[in-house]
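Biologist: I am new to this structure. Please take me through one part of it closely.

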Amino acid sequence: MKILSKLITLIVLVFVSQVSSAVEQTQSRPEMKMDESKMMSHLKMRQEQMLKMHDLSNKILAETDPKKKQALKDEQLGLMKIEHMQMMSMHHSKMIDMSQ
């Protein structure tokens with residue numbers, strides 16, 4: 001019985017230690033805030049990308065020639081790839097900043 005109570009106490013202590021460590025880490029992370037001008041610049045860039053994507057979608061749907069349609073799809077896929085790489089780069093740089 002003593003062994004069981006010691007084991008339970010040890011498990012509870014380890015759990016409390018882990019929880020407090022996690023809370024401490026989340027509280028010590030600096031907040032990543034973007035100033036207003038950077039945020040607006042970023043949003044304008046996103047808006048332009050979205051408009052290009054929608055424009056290409058409309059052209060793809062309206063195109064009847066299969067070769068031209070595929071070329072438009074390839075162009076749209078290229079834009080999607082660029083946007084994805086930008087987002088991954090931003091995410092990666094945020095993760096690096098948070099780890100420091």
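Which residue forms a salt bridge with lysine 59, and how far apart are the closest N and O atoms?

Modeller: Lysine 59 pairs with aspartate 55, and their closest N and O atoms are 3.4 Å apart. A salt bridge here is a side-chain nitrogen of Lys or Arg within 4 Å of a carboxyl oxygen of Asp or Glu. This is a predicted model: local features need pLDDT of at least 70, side-chain atom pairs count only at pLDDT 80 or more, and totals for chains, interfaces and linings use all residues. Residues are numbered from 1 along each chain as its sequence is written, and side-chain values use heavy atoms, with hydrogens and water left out.

Now the setting. Both residues sit in helix H2, four residues apart, so about one helical turn separates them. Helices are DSSP runs of H or I with at least four residues, numbered from the N terminus. Lysine 59 is partly exposed at 41% relative accessible area. Aspartate 55 is partly exposed too, at 39%. Partly exposed lies between buried (under 20%) and exposed (over 50%), using a 1.4 Å probe and protein chains only.

The count comes to two salt bridges. In the other, arginine 46 meets glutamate 83 at 2.1 Å, N to O. Arginine 46 lies in helix H2 and glutamate 83 in helix H3 (residues 66-99), so this pair ties together parts 37 residues apart in sequence. Arginine 46 is partly exposed, with a relative accessible area of 25%.

Helix H2 covers residues 36-62 and also holds leucine 43. That leucine 43 is partly exposed, at 44% relative accessibility. Overall, the protein has three helices and zero strands.

Definitions and conventions. Helix = DSSP H or I, 4+ residues; strand = E, 2+ residues; numbered from the N terminus.
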